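Work through the exercises below with the sequence and the structure in view. Each task is followed by a solution in steps.

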Amino acid sequence: MTIRVLVVEDQKTVLAALVALLKLNSDFEVAGGFADAAEALAAVPALKPDVVVSDIQMPGMSGLELAQALRGQAPNCRVVLLSTFARAGYVQEALRLGIGGYLLKDSPPERLADGIRAVAAGRRQIESALLALDDESTSLSERDCVLLHLVREGLSNAEIGAALGLSEGTVKNLMTVLLANIGAKNRIEACRIAEKKGWL
Amino acid sequence: MLAPPSAQTARRERQWSLLPRRHAQSWEIYASLIFVLFYFAGAPMNSAASVAASASAVLIFLGLYFASYWLAPVVATAPIAGIAILGAMLTPAHPGASVFLCYAASLACYLFPWRYGVAAASAALATFLLVAGSAGYPDSYLAINSIVIVAVAAIYMQARRSAVISERLHLREAELAAIHRASERRRIAHDLHDQLGQHLVLIALKADLGRKQAAAGMPGAERELSEIGAAARDTLNSVRRVVSGYSARPLLKELSHAEEVLRLAGVEPRIDAQVPEGLSERQECFVALILREAVTNVARHARASSCTIRICAEACTLVVEITDDGRGALRYDGFGTDGMRERAAQIGGKLDVRRDKGTRVSLRAPLDEGA
């Protein structure tokens with residue numbers, strides 16, 4: 001089964017390199033490459049991609065806006081956002097929009113390809129290096145917010161580990177610290193507290 | 001009795017002081033103790049007992065004097081009242097004791113907001129007139145001492161005002177510096193993201209692409225390699241631009257800083273600056289430092305209403321003049337003038353400080369160096 005991929009990146013040289021890299025994978029079919037998110041959005045109905053891989057910060061329509069529009073217009077199309085730097089709030093906004101992947105733009109090509117495959121199969125892929133160290137809007141770290149998001153979606157520790165590229169044991173440890181931090185007895189209570197306080 | 005020098009040595013060596021930290025630099029607080037000598041003028045000293053009594057009165061006074069600097073303003077009323085009571089009790093016995101009432105008035109005026117200061121000084125004056133009047137002292141003594149109490153109160157009220165202003169200015173400067181640092185950090189982060197991040201992403205992706213193409217025996221690897229080289233050079237150029245953006249023209253940056261500092265101090269800045277092109281980076285740095293020092297002095301000490309900064313080139317000489325219309329500050333020397341002179345000499349220049357109605361700091365330095 002081939003995965004139809006559409007690439008959106010405003011810097012044309014980077015776009016060309018990304019397209020060329022993805023084309024080297026025999027199970028990918030690059031349906032198109034666009035330097036403008038609005039043009040890409042307009043082309044989606046005709047090109048019918050399985051996954052849209054998009055830069056997050058672009059002039060005009062941003063990757064987040066594109067993801068939001070796609071959720072309404074092409075709910076079966078999954079989205080992988082690419083970013084170079086961590087920026088507080090982006091990953092949470094992306095999760096809220098239900099995006100499948102949030103990866104480093106300079107990920108090794110194998111990591112990028114694997115991420116796209118996982119997202120095409122309906123799994124989550126989030127690069128931990130892109131989680132901001134501190135987020136002023138909540139008293140939780142961005143990593144904790146992402147953990148809670150994934151818990152709320154019903155993922156097990158093992159599945160969360162797979163999504164974040166961490167081992168199950170690491171996720172277990174992080175979860176214990178997180179529960180103690182917000183004073184929750186278990187994962188479900190933690191989600192309830194975080195929702196009530198507006199952290200999610 | 002503890003003399004000022006020994007007290008100061010103690011502070012340096014053992015972090016121990018007679019005064020709390022916020023007053024620690026105020027040597028005037030020690031110096032004004034010299035007026036205690038007035039107490040001994042005419043104090044009964046004819047017997048061992050009377051000497052002991054006089055000495056213990058002074059020791060009690062010293063305790064209360066330093067206590068009033070340590071306590072919060074409201075609580076400090078107690079030791080100040082104590083000093084006044086000491087004065088009121090001893091004045092009938094000998095005239096020099098009225099100096100304690102002067103101290104009470106001056107302490108209140110220095111430590112309390114002016115309304116309370118005025119109230120306390122008036123109370124001290126009234127107490128003095130009552131006590132000394134009923135003790136039958138001559139009118140001339142009453143008049144002279146009253147004038148002294150009023151004058152001392154006024155002087156310390158003014159001293160409080162300058163201390164408050166200088167502290168406020170200090171806080172604002174710190175605030176301004178913090179804002180500058182924060183905006184500089186934002187600028188660096190922004191430039192790193194926009195210029196370097198994008199280039200490095202491209203280099204990483206092209207390296208991956210070239211590697212894969214070469215491994216698969218596909219054409220194109222050579223092209224990717226040459227493009228990586230070009231991208232790396234582009235990146236270096238951006239780094240050069242970013243770095244030079246930070247270090248370029250320190251004098252222009254200092255001028256805008258000077259403008260802000262003067263405004264904050266309520267001094268109208270008048271800037272007439274044409275920074276000559278032939279200025280070397282080193283010269284510019286030194287001139288910027290001199291400008292900062294001079295402007296800080298104007299803001300802090302000159303009580304000026306306006307300050308003119310003129311920078312221009314006359315023939316092959318750089319001329320920088322900072323002129324204010326302030327009080328031609330008496331206390332100007334020692335406020336960094338030596339440092340300014342030294343910096344001027346470093347760039348082969350000469351610094352001249354002239355006080356007339358205001359103060360004019362002028363720097364003349366040869367322009368040919370490094371041009």
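**Exercise 1.** Find what share of the contacts in chain B between residues at least 6 apart in sequence join residues at least 24 apart.

Solution. Two residues are in contact if their C-beta atoms, placed from the backbone, lie within 7 Å. Of the contacts in chain B between residues at least 6 apart in sequence, 65% join residues at least 24 apart.

The model is predicted: local features need pLDDT of at least 70, side-chain atom pairs count only at pLDDT 80 or more, and totals for chains, interfaces and linings use all residues. Residues are numbered from 1 along each chain as its sequence is written, while chains are lettered from A and ligands numbered from 1 in the order in which they are written.

**Exercise 2.** State how many helices and strands chain B has.

Solution. Helices (H or I, at least four residues) and strands (E, at least two) are DSSP runs, numbered from the N terminus. Chain B has 12 helices and five strands.

**Exercise 3.** Give the strand order of the open sheet in chain A and name the edge strands.

Solution. Strands pair if DSSP finds at least two bridges between them. Six strands of chain A follow the order S2-S1-S3-S4-S5-S6, with parallel pairing. Strand S2 (28-34) and strand S6 (125-126) of chain A each have a single partner strand, so one side of each has no neighbour in the sheet. Two bridges link S5(A), residues 101-104, to S6(A). Tyr102(A) is opposite Ile126(A) in S6(A).

**Exercise 4.** Count the residues that each chain brings to the contact.

Solution. Chain A brings 14 residues and chain B brings 11 residues. Helix H1 (residues 12-23) of chain A gives the most to the chain A side, with six residues.
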